[in-house]
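Please keep the coordinates in view while reading.

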Amino acid sequence: MGKALRDVYGESLLRYAKEHENVVALDADLANCSKTCLMGKELPERMFDVGIAENHMIAMGAGFASCGMIPFVNTFATLASSMCALSAKALIGYSRLNVRIMGANNGLSGGYDGATHHALDDMSVMRGIPGMLVMSPSDGVMTDWMVRTLIEEYQGPAYVGVPRNGYENLYEEGESFEIGKAKQLTQGTDAAVFAYGLSVFRARKAAEELAAQGIRVSVYDMFTLKPFDRETVLRAARETGAIVTVEEHSVVGGLGTAVLETLAEGGVQTCVRRLGIQDCYTHSGAYEELVTEFGIGVPAIVSAVKELI
């Protein structure tokens with residue numbers, strides 16, 4: 001396992017906050033989990049722990065943004081998409097404020113915290129808020145880029161689902177990314193695999209196993225769920241004729257849904273298999289065991305590709 005992405009996030013937030021005095025962080029009694037504790041230790045005057053008051057924290061973030069600050073508002077991803085949703089929609093989205101909602105422990109990365117803490121609908125909820133940028137990093141390099149971009153470049157509301165865990169980096173330091181544009185990791189014409197978050201690492205591992213069997217697949221990192229890279233999806237469908245989507249999210253409303261919407265509206269017919277949480281509740285367990293049990297691990301991706309081609 002590589003460095004946990006929550007650690008990368010906390011370190012990056014502190015580093016860029018030192019360079020930009022208008023950056024503040026808000027947390028809801030989860031600073032050790034989100035790693036905003038790092039900023040709280042070195043920049044205590046710009047770190048605000050509001051206690052267990054998530055919805056009010058989002059409203060505070062809106063207030064900071066209306067005064068020209070760039071607030072990073074932090075809580076569990078499952079709470080960001082539930083308790084925080086009303087303020088995110090009515091205060092942040094409606095007014096197009098520069099609030100960055102950071103959803104910690106997205107997907108299954110809550111592990112032993114169980115079903116109530118596994119964020120399986122955050123992408124769906126945030127995609128539904130008009131004007132909300134929705135992203136999730138796949139490695140440490142991308143995590144750092146997202147933090148810097150949200151401070152130095154992007155204007156408007158944003159949601160980022162931050163995985164608790166981490167694998168080895170997929171990208172080299174200095175890699176360039178563009179909001180709304182997928183990154184292609186492997187090339188092949190037998191099938192295309194679309195993923196985001198830590199699922200991208202597993203998708204690439206699956207592609208390596210398939211390549212050893214003579215099956216060539218293109219793996220795409222769809223780190224931006226909104227705006228969505230429709231062009232890449234349509235091109236991949238025409239080139240391969242088979243698509244597999246992989247995500248630590250319900251198959252309802254997430255990446256798989258976005259791909260199907262794109263194909264239907266683009267008039268492209270192709271075989272699609274959606275790997276994700278199949279409209280059910282999860283349970284406590286070790287992260288890797290949960291990934292395997294709920295069918296989004298490397299073996300499941302390999303099997304899905306082979307069944308389609």
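In what order do the 5 strands of the open sheet stand? The order is β7-β9-β8-β11-β12, and the pairing is mixed. The model is a predicted one, in which local features need pLDDT of at least 70 and side-chain atom pairs count only at pLDDT 80 or more, while totals for chains, interfaces and linings use all residues. Residues are numbered from 1 along each chain as its sequence is written, and side-chain values use heavy atoms, with hydrogens and water left out.

Helices (H or I, at least four residues) and strands (E, at least two) are DSSP runs numbered from the N terminus, and two strands count as paired if DSSP finds at least two bridges between them. The edges of the sheet are taken by β7 (183-186) and β12 (271-277); each has a single partner strand, so one side of each is left without a neighbour in the sheet. From one strand to the next, the twist averages 20 degrees; axes are lines fitted to C-alpha atoms, for helices over the stretch in contact, and angles run from 0 to 180 degrees between N-to-C directions.

Strand β11 comprises residues 242-250 and pairs with β12 in the parallel sense over 6 bridges. Within this pairing, A242 has C271 as its bridge partner, and V246 stands opposite L275. Strands β8 and β11 also run parallel, joined by 4 bridges; here A192 stands opposite I243. Of the 9 residues of β11, 9 are buried, so the strand is largely enclosed by the rest of the structure. Buried means under 20% relative accessible area, exposed over 50%, and partly exposed in between (1.4 Å probe, protein chains only).

Helix α10 (residues 230-240) lies across β8 (191-195), β9 (217-221) and β11, and runs at about 155 degrees to β8. Its buried residues are T232, V233, L234, A236, A237 and T240. These residues pack against β8, β9, β11 and α11 (255-266), where contact means heavy atoms within 4.5 Å. After α10 comes G241, whose phi is positive, near 80 degrees.

With a relative accessibility of 4%, T224 counts as buried. A polar atom of the T224 side chain lies 3.2 Å from the backbone nitrogen of G180. When neighbours within four places in sequence are set aside, T224 is in contact with L133, V134, M135, E178, I179 and G180.

The secondary structure of the whole protein comes to 13 helices and 12 strands. Its radius of gyration is 19 Å, close to the 19 Å that the globule rule gives for 309 residues, so the protein is as compact as a globular protein of that length. The radius is taken over C-alpha atoms, and the rule is 2.2 Å times the number of residues to the power 0.38. Along its principal axes, the C-alpha trace spans about 55 × 40 × 40 Å. Buried residues make up 60% of the 309 residues. Among contacts between residues at least 6 apart in sequence, 79% join residues at least 24 apart.

Notes
Polar contact = N/O pair within 3.5 Å; in protein donor to acceptor, adjacent residues only side chain to side chain.
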